[in-house]
Amino acid sequence: MKKLKGAEVSAAIKSQVENLLKDWKKDKPKLAIVRVGERPDDLSYERGAVKKMESFGLRAQVYAFPETIEEEEFKSCFQKINEDEDVSGILLLRPLPSHLNEKQIERQIDPAKDLDGISPENIAKVFAGDETGFAPCTAEAVIEVLKAYDIELSGKKAVIIGRSMVVGRPLSMLLLKENATVTICHTKTKDLPGTCRRGEILIAAAGRAKMVNASYAGQDAVVIDVGINVDENGKLCGDVDFDSLEGTAAMATPVPGGVGAVTTAVLARHLVLAALRQNS
Ligand code: NAP
């Protein structure tokens with residue numbers, strides 16, 4: 001079984017970013033990472049994103065707010081970041097603490113700086129197949145991995161486990177745009193393994209450690225693991241039991257070392273595209 005490596009895909013995106021910026025004369029585009037509180041998941045994603053921006057020659061600044069921040073104060077600080085001309089793109093780490101109205105922030109974020117596709121405008125564009133919108137980076141990262149390894153999507157049966165607004169739903173639209181025939185599974189899906197086995201491409205985005213084993217994978221399927229979980233020994237793992245697919249799947253992404261590295265590379269590309277559009 002071939003291992004689809006995120007680092008190789010990320011390196012190719014880095015070249016694209018360098019090429020996009022070859023005539024750029026101003027300060028390098030700056031990403032604002034907005035975090036409320038200190039959730040370990042957020043801190044880990046933040047570290048990865050900052051490292052990636054630096055390795056791509058881009059700027060990143062973290063705007064960290066206390067978990068107890070009042071709604072009005074947060075909205076006013078967020079608006080300042082939104083309007084800061086030195087900030088080309090924003091990544092809001094979510095979920096926000098429950099006393100903050102996330103829906104309102106999704107509507108407040110400037111769609112031109114909304115690199116992770118959370119605003120209604122960008123969501124609508126993704127659903128309409130309009131490439132001027134920013135799709136959620138993880139969903140786009142899945143497409144990047146498939147394309148980087150020359151996996152044909154047109155006419156293929158693709159099955160996604162998960163229907164969240166961050167991964168499953170936008171990804172279904174991106175796959176549809178590539179002319180795949182898409183099935184979306186969730187907790188009410190009957191015969192989940194059998195449904196998944198029908199997929200020539202299987203994408204796991206359920207958030208359930210090592211749930212997907214050989215009984216879910218069709219012969220010679222391509223399996224993409226979006227999950228980021230912690231196993232019973234406290235180790236990082238995906239939704240897929242990678243080793244169990246040997247002899248069944250043709251290709252699969254590992255965790256770590258798969259989609260995660262590509263997600264932050266897509267974020268970097270979105271940042272550069274946003275900066276170019278804002279300065280055109
Ligand atoms: P989420 O909002 O919790 O959604 C999970 C989806 O999976 C839901 O639609 C749920 O169905 C479905 N699901 C859960 N358990 C299932 C089961 N046993 N059988 C069938 N369907 C099941 O999660 P998310 O935000 O989409 O994230 C999914 C995973 O991706 C997580 O591990 C997360 O950490 C990871 N992630 C990775 C990246 C990256 O860069 N690689 C980025 C974002 C998220 P219902 O709708 O019926 O509840």
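Colleague: Why are α6 and α9 called roughly perpendicular to each other?

Modeller: This is a predicted model, and in it the axes of α6 and α9 cross at roughly 110°. Angles of 65 to 115 degrees count as roughly perpendicular, so α6 and α9 are given that description. The two axes come within 8 Å. On the α6 side the contact is made by C137, T138, E140, A141, V142, E144 and V145. On the α9 side the residues are V259, V262, T263, V266, L267, R269 and H270.

Colleague: Why are both an angle and a distance quoted?

Modeller: Two packed helices are described by the angle between their axes and by the distance between those axes.

Colleague: What makes α6 a mostly covered helix?

Modeller: A residue is buried when its relative accessible area is under 20%. Ten of the twelve residues of α6 are buried, and the helix is accordingly described as mostly covered. Among the buried residues are C137, T138, A139 and E140, and I143 and L146 also belong to this group. The buried residues pack against α1 (6–20), α7 (168–177), β7, β8 and α9 (259–278).

Colleague: How do you know that the length of α6 is close to the expected one?

Modeller: Helix α6 has twelve residues and reaches 16 Å from its first C-alpha to its last. The expected value, at 1.5 Å a residue, is 16 Å. The span is therefore computed as 1.5 Å times one less than the number of residues.

Colleague: Why is D150 called exposed?

Modeller: The relative accessible area of D150 is 69%. Exposed means over 50%, so D150 is exposed. This residue is in the loop between α6 and β5, and its phi is near 55°, a positive value in a residue other than glycine.

Colleague: Which other residue has a positive phi although it is not a glycine?

Modeller: D191 has a positive phi of about 50°; it lies in the loop between β6 and α8 (192–197). Most residues other than glycine have a negative phi.

Colleague: Where are cis peptide bonds found?

Modeller: One joins R94 and P95, with omega at about 5°. P95 lies in the loop between β4 (89–92) and α4 (102–108). Another joins V255 and P256, with omega at about 0°, and P256 is in the loop between β11 and α9.

Colleague: What is the confidence of the prediction across the protein?

Modeller: The protein averages a pLDDT of 97, and 100% of the residues score at least 70. Confidence is lowest in strand β9 (residues 229–230), at a mean of 94, and highest in strand β5 (residues 157–161), at 99.

How values were computed: Residues are numbered from 1 along each chain as its sequence is written. This is a predicted model: local features need pLDDT of at least 70, side-chain atom pairs count only at pLDDT 80 or more; totals for chains, interfaces and linings use all residues. Side-chain values use heavy atoms; hydrogens and water are left out. Helices (H or I, at least four residues) and strands (E, at least two) are DSSP runs, numbered from the N terminus. Buried means under 20% relative accessible area, exposed over 50%, partly exposed in between (1.4 Å probe, protein chains only). Contact means heavy atoms within 4.5 Å. pLDDT is the predictor's confidence in each residue, from 0 to 100. Axes are lines fitted to C-alpha atoms, for helices over the stretch in contact, and angles run from 0 to 180 degrees between N-to-C directions. Angles under 35 degrees count as roughly parallel, over 145 as roughly antiparallel, 65 to 115 as roughly perpendicular and the rest as oblique.
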